[in-house]
Amino acid sequence: MSEPRVPMLDLRAQHAAIADEIAAALARVVASQRFVAGPEVASLEQAVATYCETDHAVACGSGSDALLLSLMDHGIGPGHKVICPAFTFFATAGAVARLGAEPVFADVDPDGLTLSVDSVKRAIDRAGRPDAIIAVHLFGRVAAMDELLALAGALGVPIIEDAAQSIGARDSAGLRAGSRGDGGCLSFYPTKNLGAYGDGGMILCRDAARADRLRVLRNHGATSPYQHDVSGINSRLDAIQAAVLLAKLPHLDAWTAARQGNAAAYQDALSVAGAGIGPGPFVGLGLPIRLPSAPPRPASHVFHQYVIRVPTEDRSALRAHLAREGVDTAIYYPIALHRQPCFAGLRGGIPSLPESEAAARECLALPVHAELGKDQQARVVAGLCEFFAR
Ligand SMILES: *Cc1c(COP(=O)(O)O)cnc(C)c1O
């Protein structure tokens, strides 16, 4: 019998550890027979706003809807331009396109893989003043918010934070992901660091008037029953999801610490084997891979993904080798967004964004979830070392 696979995520193990708490939460909702919005959702909004160290939180149907609602709140629509990174999950730019606005792609910083401030400036030189900027806190690390806020402030342009992958992470000022811009978007998709048992999302903000507008927009634009001063969408969070998330939230810090511990263990084991840390060329290393660098305190990385950089020519063979050894890996994201067919017709032309393109060729995500065992992690490290020793 071969050993069980090392999975990218083990949600069954996570559930088993909290099954009683989840069962109690579900029973509470079933007994109440209040399945949409209601007190569970209001409690979750309060709890997440507190956890994320901000003032208001508005729950909605998904992280994608959180982005859509935030853009709608800023009046984004046809004829508008929104700068966003080319290296991110599709939803970031999809929300812009869905509103008839134009995504203007900027490159990422090679170290943190988050929006490059210089590239945003070049995008503005190329495409003109944007109507909004979306910063993505990719893989669990927060973008350069101080610099981006200064730039956006000078232009008088809102910044929306896509914090779908980074709940709880801190930026270089020690502030929580999603708490600084003009709308911090969270996703509770089951595979995220705080995952529901279905879809869910939330928007964080400091401005009470913005929170009120978002509550109207998520409910068909109704300002009072059957009175629609604006046209919104239907994007609700189910009470069942809110109850599950309320049960899971007290565990989030421990799960995050376990992810960070696993990342530190990879760094110890792989840097001894000669892997480099941070961006740079692959030549001259014992192990020709680059490990993600952790940002200096008070910033923190919550390792939604632990993403190494592998020479382009080795990536698929390495994945195949690890798969044969029973180790699952994933590629986030194989195609930079400015290269997606659906964006081929953008008016500004498709710029060359070399860091996003290199990341799409070189990134490989290793298992880093909280339930990953020491023996499982040792198999990942051994598989990597074996592959490059051949
Ligand atoms: C998951 C994710 C989203 C979308 O969230 P959903 O809840 O799946 O709609 C948006 N942006 C990023 C970066 C994500 O990882």
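The model is predicted: local features need pLDDT of at least 70, side-chain atom pairs count only at pLDDT 80 or more, and totals for chains, interfaces and linings use all residues. Residues are numbered from 1 along each chain as its sequence is written, and side-chain values use heavy atoms, without hydrogens and water.

**Helix α12**
- Helix α12 spans residues 374–389, 16 residues in total; helices are DSSP runs of H or I with at least four residues, and strands are E runs of at least two, numbered from the N terminus.
- From first C-alpha to last, α12 reaches 22 Å, close to the 22 Å expected at 1.5 Å a residue (1.5 Å times one less than the number of residues).
- Its buried residues include Arg-379, Leu-384, Phe-387 and Phe-388 (buried: under 20% relative accessible area; exposed: over 50%; partly exposed: in between; 1.4 Å probe, protein chains only).
- The buried residues of α12 pack against α9 (252–272), β12 (306–309), α10 (312–324) and β13 (363–366) (contact: heavy atoms within 4.5 Å).

**Nonpolar cores**
- The largest nonpolar core has 47 residues (buried Ala, Val, Leu, Ile, Met, Phe, Trp, Tyr and Cys joined through side-chain atoms within 4.5 Å).
- Helix α3 (residues 63–73) gives the most to this core, with 6 residues.
- A second, separate core of 42 residues includes Ala-59 and Val-142.
- Ile-134 is among the members of the largest core that touch the most others. Its contacts include Leu-67, Val-82 and Ile-160, not counting residues up to four places away in sequence.

**Val-30**
- Val-30 lies in helix α1 (residues 11–32).
- Val-30 counts as partly exposed because its relative accessibility is 45%.
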